[in-house]
Structures are given as structure tokens and as C-alpha cells.
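I opened my notebook today to get to know one structure a piece at a time. Here is what I looked up, in the order I did it.

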Amino acid sequence: MKEKDKLLDELAQLRKRIVELERNDRLYKESEKKLQKANQQLKANQIKLNESITNARFWADIVLNANIGVAIGYADGRLGECNAAYNKITGYSQEELKKIDWNNVLTPHGWHEHEMYKLNELHHTRQSVTYEKEYIRKDGSLIPVELTVH
């Protein structure tokens, strides 16, 4: 009888183990499905990201190669990136422009009040403003410009 009890006990343990393995198998399959779904979403997101990068490069090329000067200017007087047309307008290289204060170097004194008025308008309305002014070129000459500030 001991032999039979021992076998029944082993059988019960094996059944428990089978239930545990079946549960683990279900969990594994569920995890695998979730992982496949996540991979599909990741691939879709990668495609969207690549399309977005392509689009950004397209527009960046247009801006960088435009015959209209484009520059990123900050309220503290720094200039960020600019295109070759902007360099040509000012007579400064990209490296030189990054070292100057556009408000003090490029803007003639007589335009400061008008410019501050327009920049305050931008600040209060949060709408782009377009205005005319002059720049002092590197060679000291004045050149009329039209700015649209965002």
C-alpha cells in the first residue's frame, strides 16, 4: 500500500506541475503576443519618425538654401543658426554672428525704440510681427531689411 500511496502522491505532484507548466505556457504566449504587438507599434512609430525626419530635412534644406535671409535671434541678443543669405546680407560669417549681440551690432541706434515696440507687440499678442528696419553690415554700410519675428 505504501507503494501505491507513494505513486499517488507522485501523480498528484506531477498534475500540479502540469497545471503550473500550462499556466506558464499561457503566460508565455500572452507575453509573446504583447511583445509582437509592441514590436509592430515600434515599427510603425519608426516609420513615422523616419518620415518626420525626411520632412524636417526637406524643409531645413529649403530654409538653408533660400535666397531670403533666415536667422534665429534671441531676446538676449544672441543669434543662433542662420542661412547663407543672412550671412550675405550682414556681411558676417556664421561663426562671427554667433559671437555678436544683434541688437547692439546689427541694429543702428535710431531703430532700437521701434524694434522694442515691435518685440513688445510680439510678446503681448503672441502673433508674428513684420516690420522694416536697417542693419549695419560688417563693412559699416546700412542695408534696409524686412523682418518677420515669431
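**Entry 1: salt bridges.** I began with a definition: a salt bridge is a side-chain nitrogen of Lys or Arg within 4 Å of a carboxyl oxygen of Asp or Glu. This is a predicted model, so I am reading computed values throughout.

**Entry 2: a pair inside one helix.** I looked up Glu20 and Arg17, whose side chains meet in a salt bridge at 2.9 Å, N to O. The two residues are 3 apart in helix α1, so about one helical turn separates them. Buried or exposed? I use under 20% relative accessible area for buried and over 50% for exposed, with partly exposed in between. Glu20 has 40% and is therefore partly exposed. Arg17 is partly exposed as well, with a relative accessible area of 40%.

**Entry 3: a pair across the chain.** Next I checked Glu81 and Lys98, whose side chains also form a salt bridge, 2.9 Å from N to O. This pair links distant parts of the chain, as Glu81 is in strand β2 (residues 79–82) and Lys98 is in helix α3, 17 residues apart. Glu81 is partly exposed at 48% relative accessible area, and Lys98 is partly exposed at 42%.

I stayed with α3 (residues 94–99) and looked up Gln94, which lies in this helix. At 17% relative accessibility, Gln94 falls under the 20% cut-off, so I noted Gln94 as buried. What is Gln94 in contact with, leaving aside neighbours within four places in sequence? I wrote down Gly80, Glu81, Cys82 and Asn87. Glu81 was already in my notes as a partner of Lys98.

**Entry 4: helix α5.** I then followed helix α5, which runs over residues 112–125 and has 14 residues. From first C-alpha to last, α5 reaches 20 Å, close to the 20 Å expected at 1.5 Å a residue. Which residues of α5 are buried? I listed His112, Glu115, Lys118 and Leu122. Seen down the axis of α5, these buried residues fall within an arc of 130°, so they line one face of the helix. On the other side of α5, I found Glu113, Tyr117 and His124 exposed. The cover over the buried residues of α5 includes α4 (102–105), β3 (129–136) and β4 (142–149).

Glu115 brought me back to salt bridges: Lys133 forms one with Glu115, the closest N and O atoms being 2.7 Å apart. Lys133 lies in strand β3 and Glu115 in helix α5, so the pair ties together parts that are 18 residues apart in sequence. I noted that both Lys133 and Glu115 are buried.

Entry 5: What follows α5? I found Arg126 there, in the loop between α5 and β3. Its phi is near 60°, a positive value in a residue other than glycine. I marked this down because most residues other than glycine have a negative phi. Arg126 is exposed, with a relative accessible area of 69%.

Entry 6: I checked one of them, Trp59, and found it in helix α1 (residues 2–65). Trp59 has 48% relative accessibility, so it counts as partly exposed.

Note on methods
Residues are numbered from 1 along each chain as its sequence is written. This is a predicted model: local features need pLDDT of at least 70, side-chain atom pairs count only at pLDDT 80 or more; totals for chains, interfaces and linings use all residues. Side-chain values use heavy atoms; hydrogens and water are left out. Helices (H or I, at least four residues) and strands (E, at least two) are DSSP runs, numbered from the N terminus. The expected span of a helix is 1.5 Å times one less than its number of residues. Buried means under 20% relative accessible area, exposed over 50%, partly exposed in between (1.4 Å probe, protein chains only). The arc is that of the directions from the helix axis to the C-beta atoms. Contact means heavy atoms within 4.5 Å.
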